[in-house]
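Subject: Structure for your review

Dear colleague,

Please find the structure below, together with its sequence. My notes on it follow.

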Amino acid sequence: MEAARDRLVPDVVADGLRVLFCGINPGLMTAATGHHFARPGNRFWPVLHLSGFTPRLLKPSEQDELPSYGLGITNVVARASARADELTAEEYREGGRLLGRKVARLRPGWLAVVGLTAYRAAFDEPKARVGPQERTFGSTRVWVLPNPSGLNAHWTAQTMAQEYARLREAAHGTEAQA
């Protein structure tokens, strides 16, 4: 897996997505496979389905189906690591700047940052909480979601799915207004 640290994981994106999910950074399994949220204990894919974003449980290898549902995935920091705590404050800040440019170019309805600590570090928002944020990127609204890592014991798959479903409902409301 050491060689995986040097591999870039391609974004799964398209212009005008309903929601662009943004992970912290690729883990080593993600970097090795090229599939986002690939580690077996990661709850992203089950939570995405439980929350109603996808009609069935997708496997990480099926990530390219996401744009057909109006969804995409990127990361705050492109560098792969075994743990997010290996990232530096500067990597988060630079990642936040690059993410802002990416969002301006792609214009999703919502940017969903999957990880409160990552959002706080990338955008210098130390008091941010899970949920919708005041910050916008042009017309793109921002929502912070709990990190689906199996290490995040504060949230169960069910409570995460409830928060993701709140975003899904808001994203559908945004569509209706557009």
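Which residues does Tyr-164 touch, not counting residues up to four places away in sequence? Tyr-164 touches Phe-21, Phe-44, Val-47, Ser-51, Phe-53, Val-114, Leu-145, Pro-146 and Pro-148, where contact means heavy atoms within 4.5 Å.

A word on the basis of these notes. This is a predicted model, in which local features need pLDDT of at least 70 and side-chain atom pairs count only at pLDDT 80 or more, while totals for chains, interfaces and linings use all residues. Residues are numbered from 1 along each chain as its sequence is written, and side-chain values use heavy atoms, with hydrogens and water left out.

Overall fold. The chain has 5 helices and 5 strands; these are DSSP runs (helices H or I, at least four residues; strands E, at least two), numbered from the N terminus. Their order from the N terminus is β-α-α-β-α-β-α-β-β-α. The radius of gyration, taken over C-alpha atoms, is 15 Å, close to the 16 Å that the globule rule gives for 178 residues, so the chain is as compact as a globular protein of that length. That rule is 2.2 Å times the number of residues to the power 0.38. Of the 178 residues, 47% count as buried, meaning under 20% relative accessible area, with exposed being over 50% and partly exposed in between (1.4 Å probe, protein chains only). Residues 24 or more positions apart account for 68% of the contacts with a separation of 6 or more.

Nonpolar cores. A nonpolar core is a set of buried Ala, Val, Leu, Ile, Met, Phe, Trp, Tyr and Cys residues joined through side-chain atoms within 4.5 Å. The largest has 23 residues, and Val-19, Phe-21, Tyr-164 and Leu-167 have the most contacts inside it. At least two residues of this core come from each of β1 (19–23), α2 (44–50), β2 (71–75), β3 (110–114), β5 (140–145) and α5 (157–177). The largest share, 5 residues, is supplied by α5. A second, separate core of 21 residues includes Cys-22, Tyr-92, Leu-111 and Phe-123.

Tyr-69. This residue lies in the loop between α2 and β2. Its relative accessibility is 22%, so Tyr-69 counts as partly exposed. Beyond its neighbours within four places in sequence, Tyr-69 is in contact with Arg-18, Phe-53, Thr-54, Pro-55 and Leu-58. Tyr-69 and Leu-17 are 52 residues apart in sequence, yet 8.5 Å apart in space, C-alpha to C-alpha.

With kind regards
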